[in-house]
Amino acid sequence: MKTLAFDSAVIGGGAAGMAAALKLSEEGFSAVLIDREACLGGILNQCIHPGFGMHRFGEDLTGPEYAGRDIGMLTETKVKALTGTTVTDIRDLAGEKELVCYSAAEGVVFVRARTVVLAMGCRERNRGNIRISGTRPAGVFTAGFAQRLVNIEGLVPGRNVVILGSGDIGLIMARRMHWIGCRVLAVIEIQPYPSGLTRNIVQCLNDYDIPLYLSHLITGISGKNRIESVTVTPLKEGLPDESGSFVLPCDTLLLSVGLIPENELTKKAGAVLDSGTGGPLVDSRLMTTIPGIFACGNVLHVHDLVDYASDEAGRAGTAAARYM
Ligand SMILES: Cc1cc2nc3c(=O)[nH]c(=O)nc-3n(C[C@H](O)[C@H](O)[C@H](O)COP(=O)(O)OP(=O)(O)OC[C@H]3O[C@@H](n4cnc5c(N)ncnc54)[C@H](O)[C@@H]3O)c2cc1C
């Protein structure tokens, strides 16, 4: 089994991890950037719509274009990228950290470092998190997973689609599903106002006559093998009004009901979590409660704009460098 040693190890090669690694390298420290996927970029790789980079680059880029800028800068540095490699544990070795990694190419690899930057991103809330009653048929996906199926795997998750949640991911997926020839029957939102950006309401729903039901929720899912319909119920004075319920026949339900920091590894490392954000508790240097372990990007708290995740990650990289 191989053991590699660096000044700093960055876990997660999305926008945040890449910015932290760039900063560590700029400060003169050796760094390794570890990601379980085959290539760097994280969630950006599946976001083929524009809307990235206005603050950082002053340009309206797609997700892959934004990732490409950082990947280009990384190739000019000595940062070692370990892709296809999952970190499963972080141990303390007399002040130093040791990461246990499983690499598709090399099997178990140990990585030792003086500091660690957590940049593992976030995960989507799913049906279990929001407890919709009904049967358990196929055809219920989180919106980000459906985005990956369409934009990366080239697969169509279904034909007649209902979307729960009007956050930006739900809105972007409404338009995407329409563009690939699906019928998007409705976007259902529990709040009396949309959660996503106004530009996305206009460009993703209004431009394609996709109905948005505000103050409504999905109270039931039906179907034996594949989902066949959902029951939609309006809210009256904050409570479900079943007298107004209606059934929408569909074969696909996309859930866009929030993101949670990917905190399994953070917990395993023993860092205290912040009950407000779901990410690790950090001080003003972005250092967790474990000395030498820093956090940034969506693993710390969910960011709407990638530019802010990159900016925060640069600060985490600088803080890790100062710590050494
Ligand atoms: C669908 C969608 C649309 C968006 N649209 C916009 C937009 O229009 N404009 C905008 O500015 N922002 C947008 N954002 C927000 C922005 O893209 C994200 O906030 C930002 O890219 C997050 O970067 P990150 O590095 O924190 O996380 P991620 O990109 O998720 O990167 C985390 C990385 O960590 C890796 N990882 C996790 N655990 C491990 C482990 N144990 N071992 C190894 N690797 C691991 C993952 O494989 C992943 O590559 C959007 C986000 C989403 C999800």
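Which residues line the second largest pocket? In this predicted model, where local features need pLDDT of at least 70, side-chain atom pairs count only at pLDDT 80 or more, and totals for chains, interfaces and linings use all residues, the lining is made up of A19, L22, K23, E26, R56, M73, D307, S310, D311 and G314. Residues are numbered from 1 along each chain as its sequence is written, and side-chain values use heavy atoms, with hydrogens and water left out. A pocket is here an open set of points on a 1 Å grid over the protein atoms alone, where a 1.4 Å probe fits, with protein on both sides within 12 Å along at least five of seven lines, and lining residues have an atom within 4 Å of a point. Two elements, α1 (15-26) and α8 (306-323), each give two or more residues to this lining, which divides into three nonpolar, two polar and five charged residues. The space in the pocket is about 190 Å³.

Around the ligand there are 33 residues, of which D35, I43, G51, N298 and V306 come nearest, a residue being counted if one of its heavy atoms lies within 4 Å. An N or O atom in the side chain of D35 is 2.6 Å from an oxygen atom of the ligand, while backbone N or O atoms lie 2.8 Å from a ligand oxygen atom in the case of V306 and 3.2 Å in the case of A15. By class, the shell around the ligand holds 15 nonpolar, 13 polar and five charged residues, and β6 gives the most to this shell, with three residues.

How values were computed:
Grid points are joined across faces, edges and corners, and a volume is the space filled by probe spheres set on the points. Helices (H or I, at least four residues) and strands (E, at least two) are DSSP runs, numbered from the N terminus. Ala, Val, Leu, Ile, Met, Phe, Trp, Tyr, Cys and Pro count as nonpolar, Asp, Glu, Lys and Arg as charged, and the others, Gly among them, as polar. A polar contact is a pair of N or O atoms within 3.5 Å; within protein, one must be able to donate a hydrogen and the other to accept it, and residues adjacent in sequence count only if both atoms are side-chain atoms.
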